[in-house]
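Take a moment to turn the model around on your screen before reading on. The paragraphs below walk through it step by step, from the overall layout to a few individual residues.

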Amino acid sequence: MFLFASESFNQFALRLRYIRQYTEERQRQAARIMGTQYRLHEQLSGLTKQQQRKSSLLNSQLAENKNLITLKSKEDEMVQQLSQQEQGLRQELEERRQAVNRLDNLIAERVREEIARAARAARLAARREAALAAARDARRAAAARNNASGNAGPARTRRNEETASSESSSDANNDTANPEMDAPETAAEAAADRRAVRIALTPETAQLSSSFSGNRGRLPWPVSRGFISQHFGRHPHPVLKNVTVENRGVDIQTAAGEAVRACFDGKVQTVTNIAGMNTIVMIQHGDFFTVYAKLRSVNVSVGQRVSARDVIGTVATDAEGTSEVQFQVWHNSSNLNPENWLGHR
């Protein structure tokens, strides 16, 4: 209608050209709209995928946070358990220190008593020897005077000989008497005995001490099988930081119920019980001492003579199922490293 309403042919041609241009422009606009819609669709698809990825990442992050919260809870529980274990270890360490101190005090006391006893015995033996020597000198002088007089008859001579024989027999009996039964010692003598730092050795104990010292590095182990679980001296605690422990001997871990043996000939000096160390056996070898701790049962008694490798008891097993014996070596009041005395396995 717009074309046919033209007043002239020229106007018709202009209107036709306008309609064509208008149609082309609408087609171009439609194409631009379609392109824009396609780009928007692609952008929407990209945004949708990005949103899905973000949603997936958010879900993963939430799951990770949940896992972290669970791990944190477990970590807190573990820290609490470790804290309780640390408190238990510190309490166990303190109990061990107290047990070690009690054992050290016992050993030191027994060694001091033995040193004082040996000093008193040596002093009394020397006193008796001096008294016997003085009595013998007096008898010799009396016999010399009798011989010099020359006036005694045969009967008097026989009486002198019988008297001398009786006195000699009495001196021999006194010589075998126990020096401990002599007159009580004075306070000064008792103080001097306590100040002694070494055991006064008799010929027998001196030979035993020399034999023990000569077997340095060759002594048999107190158990037939086992290994050293804790060495001698000061060393860091295996679990607690900045904590050191001191061992006066060596701890030898072995099988449950294993027999504990004497490492050398000697005399049982002490058998007692100490909290944390179970039963203790202390054997004297002259002026050397060996100590066997953490025993369950004992087969010997105080004063009993034992030989090397004699069974003196059985090893104890603690609440954790560990069976070990502690072995110590002392020379007078000096603590020695047992690893230098035991033979190689």
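The chain folds into 4 helices and 12 strands. What you are viewing is a predicted model, so please read every value here as computed from that prediction. Of the 345 residues in the chain, 29% count as buried. If you look at contacts with a separation of 6 or more, 70% of them are between residues 24 or more positions apart.

Let us start with the interior. In soluble globular proteins, nonpolar side chains tend to be buried together. In this model the largest nonpolar core has 26 residues. Phe-212, Val-260, Ile-283, Tyr-292 and Ile-312 are the ones with the most contacts inside that core. Which elements give two or more residues to this core? They are helix H4 (203-214) together with strands E4 (250-253), E7 (278-285), E8 (288-298), E10 (311-315) and E11 (324-331). There is also a second, separate core of 17 residues, with Ala-99, Ile-199, Val-291 and Ala-293 among them.

Next, find the largest pocket, which has a volume of about 910 Å³. It is lined by 28 residues, and those closest to its centre are Glu-92, Arg-96, Lys-294, Asp-318 and Glu-324. Helix H1 (9-149), strand E1 (227-230) and strand E4 each give two or more residues to the lining. The largest share, 7 residues, comes from H1. By type, the lining divides into 9 nonpolar, 10 polar and 9 charged residues.

Two of the residues closest to the centre of that pocket, Lys-294 and Glu-324, lead us to the charged pairs. Side chains of opposite charge can pair when their charged atoms come close. The model has 10 salt bridges. One of them joins Asp-251 to Lys-294, with the closest N and O atoms 3.9 Å apart. Because Asp-251 lies in strand E4 and Lys-294 in strand E8, this pair ties together parts that are 43 residues apart in sequence. Are these two residues buried or exposed? Both Asp-251 and Lys-294 are buried.

Lys-294 also forms a salt bridge with Glu-324, and here the closest N and O atoms are 2.9 Å apart. Glu-324 sits in strand E11 and Lys-294 in strand E8, so this bridge ties together parts that are 30 residues apart in sequence. Glu-324 counts as buried because its relative accessibility is 15%, under the 20% cut-off.

Now for the backbone. Most residues other than glycine have a negative phi, and most peptide bonds are trans. Lys-294, although not a glycine, has a positive phi of about 65°. This residue has its place in strand E8, and it is buried, with a relative accessible area of 10%. Arg-309 is not a glycine either, and its phi is positive at about 75°. You will find Arg-309 in the loop between strand E9 (305-306) and E10. With 52% relative accessibility, Arg-309 counts as exposed.

One last stop is Thr-272, in strand E6 (residues 266-274). Thr-272 is partly exposed, with a relative accessible area of 23%. Which residues is Thr-272 in contact with, leaving aside its neighbours within four places in sequence? They are Leu-106, Asn-278, Thr-279 and Ile-280. From Thr-272 to Met-282 there are 10 residues in sequence, and their C-alpha atoms are 8.9 Å apart in space.

Technical notes: Residues numbered from 1 in each chain as written. Predicted model: local features only at pLDDT ≥ 70, side-chain atom pairs only at ≥ 80, totals over all residues. Heavy atoms only, no water. Core = buried A, V, L, I, M, F, W, Y, C linked by side-chain atoms within 4.5 Å. Buried < 20%, exposed > 50% of the residue type's maximum accessible area, 1.4 Å probe, protein only. 1 Å grid on protein atoms, 1.4 Å probe; cavity = no way out; pocket = protein on both sides within 12 Å on 5 of 7 lines; lining within 4 Å. Points joined across faces, edges and corners; volume = space filled by probe spheres on them. Nonpolar A, V, L, I, M, F, W, Y, C, P; charged D, E, K, R; others polar. Salt bridge = Lys/Arg side-chain N within 4 Å of Asp/Glu carboxyl O. Contact = heavy atoms within 4.5 Å.
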